[in-house]
Amino acid sequence: MTDASKIPTVPLALGAAGLIPYWGLSVALLTGVDLGFGAGALAFALAAYGALILSFLGGVRWGIALGAEEEGPAKRGYVISVVPVLLAWAALALPPGPQLWTLAGLHVVLGLFDYGLVCREEAPEWFGRLRLALAAAAALALILGALAV
């Protein structure tokens, strides 16, 4: 594995840690353990966390767009940084099941778009691999949460 493809330890560890709320809340919903909050509150917490992470990822995209040397890639980056976030926040107005399904889809789509940064050589190879893995893990947790509500 080349240095460009090896995922650095800190982003890997922090990315994995960021999955803990997804999986903790999803497992609680699947097992019926409401943690004293009720299933509805747990489902909303899972959806809110998903929207929050999509907002964070939008900030990553915005930062990459700032460094673009050409106007076209910068515009694309700014749009991709904002549209998923707006859709994620709109999804919070949906009922619990559709909320989680929508957020799962947005995670997958944004993960694929982020992998495209690698294909266009706008981000290192490891970033694309990390984003695909994290997007898949987050989307799966959201899907399992949707199936539980």
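Read along the sequence, the protein follows the pattern α-α-α-α-α-α, with 6 helices and 0 strands in total; helices (H or I, at least four residues) and strands (E, at least two) are DSSP runs, numbered from the N terminus. The model is predicted, so that local features require a pLDDT of at least 70 and side-chain atom pairs count only at pLDDT 80 or more, whereas totals for chains, interfaces and linings use all residues. Residues are numbered from 1 along each chain as its sequence is written, and side-chain values use heavy atoms, with hydrogens and water left out.

The C-alpha trace spans about 50 × 35 × 20 Å along its principal axes. For 149 residues, a compact globule would have a radius of gyration near 15 Å, and the 16 Å of the protein agrees with this; the radius is taken over C-alpha atoms, and the globule rule is 2.2 Å times the number of residues to the power 0.38. Of the 149 residues, 40% count as buried, that is, under 20% relative accessible area with a 1.4 Å probe and protein chains only.

The axes of α5 (residues 96–119) and α6 (residues 125–148) come within 8 Å and cross at roughly 170 degrees, where axes are lines fitted to C-alpha atoms over the stretch in contact and angles run from 0 to 180 degrees between N-to-C directions. The two helices, α5 and α6, are therefore roughly antiparallel to each other, a term applied to angles over 145 degrees. By class, the contact of α5 with α6 has 19 nonpolar, 5 polar and 4 charged residues; Ala, Val, Leu, Ile, Met, Phe, Trp, Tyr, Cys and Pro count as nonpolar, Asp, Glu, Lys and Arg as charged, and the others, Gly among them, as polar.

About 380 Å³ of space lies in the largest pocket, a pocket being an open set of points on a 1 Å grid with protein on both sides within 12 Å along at least five of seven lines, and lining residues having an atom within 4 Å of a point. Of its 19 lining residues, Gly15, Ile53, Phe56, Leu57 and Leu134 are the closest to its centre. Helix α6 gives the largest share of this lining, 7 residues, and the lining divides into 15 nonpolar, 3 polar and 1 charged.

A search of the whole structure finds 1 cavity of 30 Å³ or more, a cavity being a set of points where a 1.4 Å probe fits but cannot get out. The largest cavity has a volume of about 40 Å³, a volume being the space filled by probe spheres set on the points. Its lining includes Arg61, Pro73 and Glu122.

Definitions and conventions. Parallel < 35°, antiparallel > 145°, perpendicular 65-115°, else oblique. Buried < 20%, exposed > 50% of the residue type's maximum accessible area, 1.4 Å probe, protein only.
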